[in-house]
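Have a look at the model first.

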Amino acid sequence: MIDFSTTYLGLKLNGPIVVSSTPISESIENVLRIEESGASAIVLTSLFEEQLALESHALDEDLSRGTNSFPESLDYLPDLGDYRMTHEGYLDTIRRSRDAVRIPILASLHGATKGGWVRFAQESEEAGADGIELNTYALATDASQTSADVERQLLELIDGVCRAVRIPVAVKLSQSFTSIPHLVKQLEDAGARGVVLFNRFYQPDFDIETLEVRPTLHFSTPSELLPRLHWAAILYGHVNLDIAITGGVHSAEDVLKCIMAGGNVAMMCSALHIHGIEHISRVLADLRYWLDKREYTSIAETRGCLSRRSVPDTSPFDRGNYIKTLSSYSLRQTVAAF
Ligand SMILES: Cc1cc2nc3c(=O)[nH]c(=O)nc-3n(C[C@H](O)[C@H](O)[C@H](O)COP(=O)(O)O)c2cc1C
């Protein structure tokens, strides 16, 4: 019998597959199916901080109707009806999910300012969340904002939330930082217990006929896993916080790659949208088969074995990879041409 147990954010988990933030887990029926399929934790769909702001301004509007007090700064946001859940509904989902299953339930906030995050984090803790994932999707579109400004703001937010709650906090990071190891070390110092690599960047597409810029959402493919593996493998052993990988995890092979790179857990979302929740149990069965065949007794034995500090040749993780990849390609092309 293979031991699948692992730890993440100081929580004991019965396996390496966590369901990442997705509307799939909005229904309690699905939360139960997720546990039954063998997932070891669930990150709930996110509550958007803008939604908290809109709800509180909508309340102000109701109280002061006719005074035109609604600030213009909120005009660019979708209507309240476009959000998936109300703030109260979200806390209720935490409570009901917590009561329904034994696996850890992590709340998720998509936010940008300290006030909103701290309040939500405290409420989530009170509602029974076992941990919090903070999604830090911020885009620097203002030329006067420096990289250092962006990082400082992020660290202040994390510090504020970590001080406000007792439950562990993970940070879902964007890949667009110049020095990821340095930033992750600072997140650790600010109190984060885990880092989630990486947020997907939903770039809008351009319609050249209608001259419109449109939001797009495509499910991932396993090719998205590679930058995540790369950074997990670099971080492993150099930071003391836990590592989760999200983005491109579809199969048992992908899960193994995540753990071998140094991840504590692999998160799944697109694969569940494509194949259904029960895909988790098929992946776990494949994982068991693979490990058993190679006489591993636990998944923990594989952790970090392909990390940068474990492999004899670290050049694939460094600049050497760039040079090797490009020169091997030109060689192949030259051979094929003759
Ligand atoms: C339909 C859908 C909704 C999502 N909603 C959220 C969300 O509310 N908060 C969040 O942090 N990530 C959200 N994500 C991102 C996923 O949690 C995940 O990080 C990302 O899709 C990469 O994993 P995957 O390759 O397994 O899909 C969503 C993804 C999808 C496809």
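K172 is buried, at a relative accessible area of 9%, where buried means under 20%, exposed over 50% and partly exposed in between (1.4 Å probe, protein chains only). Its salt-bridge partner is E133, with the closest N and O atoms 3.9 Å apart. The term covers a side-chain nitrogen of Lys or Arg within 4 Å of a carboxyl oxygen of Asp or Glu. This pair joins distant parts of the chain, since K172 sits in strand β7 (residues 169–173) and E133 in strand β6 (residues 131–135), 39 residues apart. E133 is buried too, with a relative accessible area of 1%. Helices (H or I, at least four residues) and strands (E, at least two) are DSSP runs, numbered from the N terminus.

A word on the ground rules: this is a predicted model, so local features need pLDDT of at least 70 and side-chain atom pairs count only at pLDDT 80 or more, while totals for chains, interfaces and linings use all residues. Residues are numbered from 1 along each chain as its sequence is written, and side-chain values use heavy atoms, with hydrogens and water left out.

How many salt bridges does a search of the whole structure find? The count is 15. Side chains of opposite charge can pair when their charged atoms come close. Here are three of those pairs.

| Salt bridge | Closest N and O atoms |
|---|---|
| K172 and E133 | 3.9 Å |
| D92 and R96 | 3.4 Å |
| R308 and D318 | 3.1 Å |

D92 and R96 are 4 residues apart in helix α3 (residues 87–100), so about one helical turn separates them. D92 is partly exposed at 32% relative accessibility, and R96 is partly exposed as well, with a relative accessible area of 41%.

R308 and D318 both lie in the loop between α10 (279–293) and α11 (319–337), so their pairing ties together parts that are 10 residues apart in sequence. R308 is partly exposed, with a relative accessible area of 28%, and D318 counts as partly exposed at 30%.

On to the ligand. Which of the 20 residues around it come nearest? They are S21, S46, N135, S220 and S270; to be near, a residue needs a heavy atom within 4 Å. The shell divides into 6 nonpolar, 11 polar and 3 charged residues.

For polar contacts the cut-off is a pair of N or O atoms within 3.5 Å. A side-chain N or O atom of S270 is 2.5 Å from a ligand oxygen, and one in the side chain of T246 is 2.7 Å from a ligand oxygen. G247 uses a backbone N or O atom, 3.3 Å from an oxygen of the ligand. The ligand taken alone exposes 610 Å², and the protein buries 93% of that (Shrake-Rupley method, 1.4 Å probe). Elements giving two or more residues to the shell are β4 (41–48) and α9 (270–275).

Finally, the backbone. Most residues other than glycine have a negative phi, and most peptide bonds are trans. The bond from L197 to F198 is cis, with omega near -10°, and F198 lies in the loop between β8 (194–197) and β9 (205–207). L211 has a positive phi, near 55°; this residue is found in the loop between β9 and β10 (212–214) and is exposed, at 72%. E295 has a positive phi near 60°, lies in the loop between α10 and α11, and is exposed at 69%.

How values were computed: A polar contact is a pair of N or O atoms within 3.5 Å; within protein, one must be able to donate a hydrogen and the other to accept it, and residues adjacent in sequence count only if both atoms are side-chain atoms. Ala, Val, Leu, Ile, Met, Phe, Trp, Tyr, Cys and Pro count as nonpolar, Asp, Glu, Lys and Arg as charged, and the others, Gly among them, as polar.
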